[in-house]
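Please look at the structure below before reading my points.

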Amino acid sequence: MRTGRPTAPLTLTTTERETLQQWTRRQKTAQALAQRARIILTCADGQTNLAVARAVRVAPQTVCKWRQRFMTHRLDGLLDEPRPGAPRTVTDAAVERIVTQTLEMRPTHATHWSTRAMAQTSGVSRSTVQRIWRAFGLQPHRTETFKLSADPLFVEKVRDIVGLYLQPPDKALVLCVDENAQIQALDRTRPLLPMRPGQVERRTHDYHRHGTTSLFAALEVKTGRVIGQLHQRHRAQEFRQFLDTIEANVPAQLDVHLILDNYGTHKTALIRRWLLKRPRFHLHFTPTSASWINLVERWFALLTERQLRRGVHPSVRALKAAIRHYITVTNTHPKPFTWTKTADDILASMARFCQRTSETGH
């Protein structure tokens with residue numbers, strides 16, 4: 001009976017056996033390397049390639065391959081060989097230099113780096129620059145804005161307003177109030193070309209202005225309903241009229257907590273006298289330069305995105321009708337905004353941002 005070619009005995013030194021056993025036990029070892037180590041350890045027990053293949057659950061050819069590799073190169077033979085292909089041309093030093101230049105330097109002819117400018121400066125291709133920037137998360141062409149509040153009562157105001165969002169008081173209504181002033185009624189100089197298969201909607205870049213209107217809005221935090229009122233101007237007189245509208249729409253047995261910004265019309269003598277006669281109204285002012293904490297600003301953003309930015313309004317009357325229609329739709333199917341971050345989360349995030357800003361040295 002044919003038993004196959006006899007295999008040379010495989011013996012291990014103490015160091016080799018310990019290393020192979022570590023490879024099989026260590027959690028961070030690659031699965032392929034751990035399997036090869038088990039093959040060699042089983043071969044060292046004097047078993048045939050077929051028996052080893054059955055024990056490790058691999059093909060006999062796999063056992064033969066790694067046995068021969070180990071007999072020739074010992075432990076190094078079990079490691080993966082370099083992959084075929086052209087050798088690497090961009091060194092680690094070149095990558096570090098490109099990343100450093102991107103972060104710490106500016107081109108002489110521009111405010112930020114482009115792939116073309118960086119490629120010319122560093123002597124590599126544009127695709128190489130793109131791969132390096134992508135690997136390190138660098139996007140020199142993008143920029144964002146930020147504004148830090150200098151309000152001395154920033155912490156107290158954040159805790160006050162966030163507390164109203166997360167734990168609203170009993171028998172009370174929390175309303176976020178603000179004005180979206182000077183909304184323009186814009187009409188295109190030529191009719192729109194509607195969307196059709198293979199072509200997006202097109203419009204002229206220029207437009208006619210037909211006047212403006214100002215929207216006063218109060219967003220009910222719990223339900224998402226909106227109380228809105230349109231005025232030609234946004235003075236204290238108009239704001240007092242809007243307060244009258246809020247009072248008429250809120251049940252008399254409920255306290256009213258108004259979250260609003262520090263605009264001058266909210267603090268005039270006319271408004272103070274109105275509030276003194278109505279003790280159930282309580283005002284909570286947002287920190288300066290912190291409009292993001294007022295939820296009605298998010299509703300204004302939706303109004304702009306869904307109704308105003310691409311809307312065509314040939315008159316102020318048409319603009320007002322569009323805004324009133326959107327308010328009606330909002331109140332027909334209201335959906336409240338959910339505030340998730342606590343005051344501690346916000347303050348900790350601000351502290352980390354300030355720390356990063358101070359570390360830049362500017």
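1. Helix α2 (residues 31–43) and helix α4 (residues 60–73) cross at roughly 80 degrees, and their axes come within 10 Å. Axes here are lines fitted to C-alpha atoms, for helices over the stretch in contact, with angles from 0 to 180 degrees between N-to-C directions. The two helices, α2 and α4, are therefore roughly perpendicular; angles of 65 to 115 degrees count as such, under 35 as roughly parallel, over 145 as roughly antiparallel and the rest as oblique. Helices (H or I, at least four residues) and strands (E, at least two) are DSSP runs, numbered from the N terminus.

2. The model is predicted: local features need pLDDT of at least 70, side-chain atom pairs count only at pLDDT 80 or more, and totals for chains, interfaces and linings use all residues. Residues are numbered from 1 along each chain as its sequence is written, and side-chain values use heavy atoms, with hydrogens and water left out.

3. Which residues bring α2 and α4 together? From α2 come R36, I39, I40 and C43, and they meet T62, V63, W66, R67 and F70 in α4; contact means heavy atoms within 4.5 Å. By class, this contact of α2 with α4 has six nonpolar, one polar and two charged residues. Ala, Val, Leu, Ile, Met, Phe, Trp, Tyr, Cys and Pro count as nonpolar, Asp, Glu, Lys and Arg as charged, and the others, Gly among them, as polar.

4. Helix α4 also packs against helix α3 (residues 49–56), at an angle of about 110 degrees and with the axes 8 Å apart. Helices α3 and α4 are therefore roughly perpendicular to each other. In α3, N49, L50, V52 and A53 meet P60, V63, C64 and R67 of α4. The contact of α3 with α4 comprises six nonpolar, one polar and one charged residues.

5. For helix α9 (residues 236–249) and α10, the angle is about 20 degrees and the axes lie 9 Å apart. That makes α9 roughly parallel to α10. The crossing of α9 and α10 is right-handed. L270, I271 and W274 in α10 meet residues of α9, including F239, R240 and L243. This contact of α9 with α10 has six nonpolar, one polar and three charged residues.

6. What is the order of the strands in the open sheet? The five strands run β3-β2-β1-β4-β5, with mixed pairing; two strands pair if DSSP finds at least two bridges between them. The edge strands, β3 (226–231) and β5, each pair on one side only. Strand β2 (residues 207–220) pairs with β3 in the antiparallel sense over six bridges, and A217 stands opposite G228 in β3.

7. Strands β4 (residues 255–260) and β5 (residues 281–285) run parallel and are joined by five bridges. From β4 the chain passes through helix α10 (residues 269–276) to β5, a right-handed β-α-β crossover. Right-handed here means that, with the strands pointing away from the viewer, the path from the first strand over the helix to the second runs clockwise.

Methods: A crossing is left-handed if the near helix is turned anticlockwise from the far one by less than a right angle, and right-handed if clockwise.
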